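The following note sets out numbered points on the structure shown below. It is intended for a colleague who will examine the coordinates directly.

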Amino acid sequence: KLRQYPNMPTGCEITSLTCLLNFLGFPVTKEVMADTYLDRVDYSEASNYTFYEKFIGDPYSNGYGCYAPVILRAATEFLNDQNSSLEAVNISGSTKEEILLTIASGHPIVIWNTLNAMNVEEKLQWITPEGKEVYWTPLEHCMLLTGYDLTTDTVYLCDPMKGYAQYNLTQFFKVHDDMNRQAVTIY
């Protein structure tokens, strides 16, 4: 039931990872994860990076956020520091069926979606010095997917904004697909 508020209004990604680590038995805080393991840059440097490379902004105040590779690095560095045999895995690109199989196998997933699973509207933010166009979804949100029910078309999540949450499974995966199927888990 870990939440990003009040002190991390834009820290949904690192809070979701912290939820997963807590579930796995690591008593780490979201603040330690953000301060020690989250690879981030200030807005002044933002145009040099993509959301796949860095968390852009400050999770404690104003931030865009980041995508799966950044959270994968944070998880990997944390697990290495704990001398853990567990491995963080970027499962981005997985199909709905693969995601549900992972959940059914007992592995919660840090997963990208939008606030309230609203439809995606991307906006071009900048172009990096290498010419990469960087798009951002203003409603981007990251949660920990913990379960599902196919008979009621429902997914169950630890939502860092709301606590425990349920969304329509069909809409959730439509939006997840539109968010480029970003996902990370730990085995």
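1. Asn 62 is exposed, with a relative accessible area of 52%. Asn 62 sits in the loop between E2 and E3. In space, the C-alpha atom of Asn 62 is 28 Å from that of Phe 23, and the two residues are 39 apart in sequence. It should be kept in mind throughout that this is a predicted model.

2. The relative accessibility of Leu 24 is 29%, so Leu 24 counts as partly exposed. Leu 24 and Ile 109 are separated by 85 residues in sequence, while their C-alpha atoms are 12 Å apart.

3. On the overall fold, the chain contains five helices and eleven strands. Its radius of gyration is 15 Å, close to the 16 Å given by the globule rule for 187 residues, so the chain is as compact as a globular protein of that length. Along the principal axes, the C-alpha atoms fill a box of roughly 45 × 40 × 30 Å. Of the 187 residues in the chain, 47% are buried.

4. Another salt bridge is formed by the side chains of Lys 132 and Glu 53, at 3.5 Å from N to O. Lys 132 lies in the loop between strand E6 (123-127) and strand E7 (133-136), and Glu 53 in the loop between E1 and strand E2 (55-57), so the contact ties together parts that are 79 residues apart in sequence. Lys 132 has a relative accessible area of 39% and is partly exposed. Glu 53, at 26%, likewise counts as partly exposed.

5. Asp 177 and Arg 181 also form a salt bridge, in which the closest N and O atoms are 3.0 Å apart. Are these two side chains to be classed as buried, partly exposed or exposed? Asp 177 counts as partly exposed at 34% relative accessibility, and Arg 181 is partly exposed with a relative accessible area of 27%.

6. With regard to the cysteines, the structure holds zero disulfides. Cys 66 is in no disulfide, and the nearest cysteine sulfur, that of Cys 142, is 7.3 Å away. Cys 66 is buried, its relative accessible area being 0%. Cys 158 is likewise in no disulfide; its nearest cysteine sulfur belongs to Cys 19, at 5.4 Å. Cys 158 counts as buried, at 12% relative accessibility.

7. The largest pocket holds about 190 Å³ of space. Which residues lie nearest its centre? They are Pro 9, Thr 10, Tyr 64, Pro 138 and Glu 140, out of 15 lining residues. Helix H1 (12-23), strand E3 (63-65) and strand E8 (140-149) each contribute at least two residues to the lining of this pocket. By residue class, the lining of the largest pocket divides into nine nonpolar, four polar and two charged residues.

How values were computed:
Residues are numbered from 1 along each chain as its sequence is written. This is a predicted model: local features need pLDDT of at least 70, side-chain atom pairs count only at pLDDT 80 or more; totals for chains, interfaces and linings use all residues. Side-chain values use heavy atoms; hydrogens and water are left out. On a 1 Å grid over the protein atoms alone, a cavity is a set of points where a 1.4 Å probe fits but cannot get out, and a pocket is an open set with protein on both sides within 12 Å along at least five of seven lines; lining residues have an atom within 4 Å of a point. Grid points are joined across faces, edges and corners, and a volume is the space filled by probe spheres set on the points. Helices (H or I, at least four residues) and strands (E, at least two) are DSSP runs, numbered from the N terminus. Ala, Val, Leu, Ile, Met, Phe, Trp, Tyr, Cys and Pro count as nonpolar, Asp, Glu, Lys and Arg as charged, and the others, Gly among them, as polar. A salt bridge is a side-chain nitrogen of Lys or Arg within 4 Å of a carboxyl oxygen of Asp or Glu. Buried means under 20% relative accessible area, exposed over 50%, partly exposed in between (1.4 Å probe, protein chains only). A disulfide is a pair of cysteine sulfur atoms within 2.5 Å. The radius of gyration is taken over C-alpha atoms; the globule rule is 2.2 Å times the number of residues to the power 0.38.
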